[in-house]
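Subject: A structure for you to look at

Hello,

Here is the structure I promised to pass on. Please open it alongside this email, then read on for what turned up.

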Amino acid sequence: MKIGYVCTNYNNTQFTRAAVASLVKNDDHEYQIVIVDNNSAPDSIASLHRLKDEFPDITVIFNPDNSGYFPGLNIGINHLRSHHADINYMVVGNNDLTFRTDFLQSIACHKALFQTYPVVSPDVITVDGIHQNPHVIDGISRFRELMYDLYYANYYLGRCIKWIASLTQRASDRRDEEQWETGQVIIQGHGSCYILGPLFFEKLQQLWAPTFLMGEEYFLSKQVNDAGMSIYYEPGIQVTHHWHATIEQLPSRAVWEMARKSHKTYREYVKIF
């Protein structure tokens, strides 16, 4: 089985190195690795050059601009498709992932899923042992959608809502991830990692990317559903996620502003009433 891995990099090459170093230990399958740097600072660029020296088979694309998450992934996907047309399976996502030595074999063991589903979401586990999938199983309630609108109405109101949510976490959290042991069709998979199969490239070619960052889970879900297909969550494929490695590089206000912009685009497609 020949598999591609595409990730974006922005000022945190140490995570990219960990991802590459863990994936190359999957020596029982062929793979191609493409890293799309989103115009990182010079020290991170220098680290990427050293990474290329250490792993000469990887491809590093130095994007002159910061294109964002899904747009950056599309640069890598298109590169792989144009240079390795025989690759019909791709792991796409964050650079802050580490892979088990049997990760590619676990994809091969579930190859039959890709005859039906264009996208498979793996069991994404944080370093603290929290399962981040299945992200959304049945949809978002109207009350929660209203809370999203309030959260993004004003930065300081958003901080208050986030503080209250932290105090009432047991009651306010969704429970979807508690079904992490059950493989099933889902509405949304966690945006840190997806596995794209032959159906994806036959029907969709690349990721729909209407925003810079945030909300990718919904946009991929809509793209797949509009094509008459579904996303499947498979707990037998596992990956470790060093959560928020990229976002932690940014001020909280900047993250909130990016998320609000994404939410406005989201609201163009999802109406509460």
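First, a term you will need: rings of Phe, Tyr and Trp (its six-membered ring) count as a pair if their centres lie within 6.5 Å. Planes under 30 degrees apart are stacked, those over 60 are edge-to-face, and the rest are tilted. Please keep in mind that this is a predicted model.

**Aromatic pairs**

Searching the whole structure gives 14 aromatic pairs. Take tryptophan 208 and phenylalanine 219. Their ring centres are 5.3 Å apart and their planes stand at 90°, so this pair is edge-to-face. The pair links distant parts of the chain. Tryptophan 208 sits in the loop between α8 (198-203) and α9 (216-226), while phenylalanine 219 belongs to helix α9. They are 11 residues apart.

Are these two residues buried or exposed? Tryptophan 208 is partly exposed, at 25% relative accessible area. Phenylalanine 219 has 1% relative accessibility, so it counts as buried. The cut-off for buried is under 20%.

Tryptophan 208 also pairs with tyrosine 269. That pair is edge-to-face too, with 5.3 Å from centre to centre and 85° between the planes. Again, distant parts of the chain are linked: tyrosine 269 lies in helix α10 (residues 252-269), 61 residues from tryptophan 208. Tyrosine 269 has 38% relative accessibility and counts as partly exposed.

Which residues do the ring pairs link into a cluster? They are Trp208, Tyr218, Phe219, Tyr266 and Tyr269.

**Helix α3**

Now look at residues 69-83, which form helix α3. The helix has 15 residues. Several α3 residues are buried, among them Tyr69, Phe70, Leu73, Ile77 and Leu80.

**A surface patch**

Trp163, Ile164 and Leu167 make a nonpolar surface patch of about 360 Å². Isoleucine 164 is in helix α6 (residues 155-167). Its relative accessible area is 46%, so isoleucine 164 is partly exposed.

**The annotated domain**

One item comes from a record. An unreviewed UniProt entry carries the annotation "domain: Glycosyltransferase 2-like" for residues 8-107. Over that stretch the chain is 44% helix and 24% strand. The end C-alpha atoms of residues 8-107 are 21 Å apart.

Best wishes

Key:
Residues are numbered from 1 along each chain as its sequence is written. This is a predicted model: local features need pLDDT of at least 70, side-chain atom pairs count only at pLDDT 80 or more; totals for chains, interfaces and linings use all residues. Side-chain values use heavy atoms; hydrogens and water are left out. UniProt positions are given in the numbering used here, feature names are shortened, and annotations may be inferred rather than shown by experiment. Helices (H or I, at least four residues) and strands (E, at least two) are DSSP runs, numbered from the N terminus. Buried means under 20% relative accessible area, exposed over 50%, partly exposed in between (1.4 Å probe, protein chains only). The expected span of a helix is 1.5 Å times one less than its number of residues. Patches are made of residues with over 30% relative accessible area and no salt bridge: like charges are joined within 9 Å, nonpolar side chains (Val, Leu, Ile, Met, Phe, Trp, Tyr) within 5 Å. Accessible areas come from the Shrake-Rupley method with a 1.4 Å probe; for residues, only the protein chains shown count as cover. A salt bridge is a side-chain nitrogen of Lys or Arg within 4 Å of a carboxyl oxygen of Asp or Glu.
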